[in-house]
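Please read it alongside the sequence and the coordinates.

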Amino acid sequence: MPPRSGFESIAFRQRRFALGMTVAMIGLYFGFILLIAYDKPLMGRILVPGVSLGILLGALVIVGSWFLTWTYVRWANTHYDSELDRHR
């Protein structure tokens, strides 16, 4: 494989990071869905009156997606954009 130019290298790193974030989000979401599908008694376990484990984990999926979004935006602002500015 021939050496990459500056922009190709930046694009490669961006795609690799985005793919990692995508895999993490898919794992988080589908892990939750699989628990709902295959372990209903676990998800229905009441932690405190009015809150089951399923509700808590559902809220954590939402918070996890916000965290992954924040992580990607922070990475893009600190690494991706600065490298693009350097190569322009």
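1. Arginine 13 and glutamate 83 form a salt bridge through their side chains, at 2.0 Å from N to O; the term denotes a side-chain nitrogen of Lys or Arg within 4 Å of a carboxyl oxygen of Asp or Glu. The pair connects distant parts of the chain, with arginine 13 in helix α1 (residues 6–38) and glutamate 83 in helix α3 (residues 53–87), 70 residues apart. The structure holds one salt bridge.

2. The model is predicted, with local features requiring pLDDT of at least 70 and side-chain atom pairs pLDDT 80 or more, while totals for chains, interfaces and linings use all residues. Residues are numbered from 1 along each chain as its sequence is written, and side-chain values use heavy atoms, leaving out hydrogens and water.

3. Arginine 13 is partly exposed, with a relative accessible area of 26%, whereas glutamate 83 is buried at 14%. Buried means under 20% relative accessible area, exposed over 50%, and partly exposed in between (1.4 Å probe, protein chains only). Buried residues make up 20% of the 88 residues.

4. The protein has three helices and two strands, in the order α-α-β-β-α along the sequence. Helices (H or I, at least four residues) and strands (E, at least two) are DSSP runs numbered from the N terminus.

5. The C-alpha trace spans about 60 × 25 × 10 Å along its principal axes.

6. Residues 24 or more positions apart account for 60% of the contacts with a separation of 6 or more, a contact being heavy atoms within 4.5 Å.
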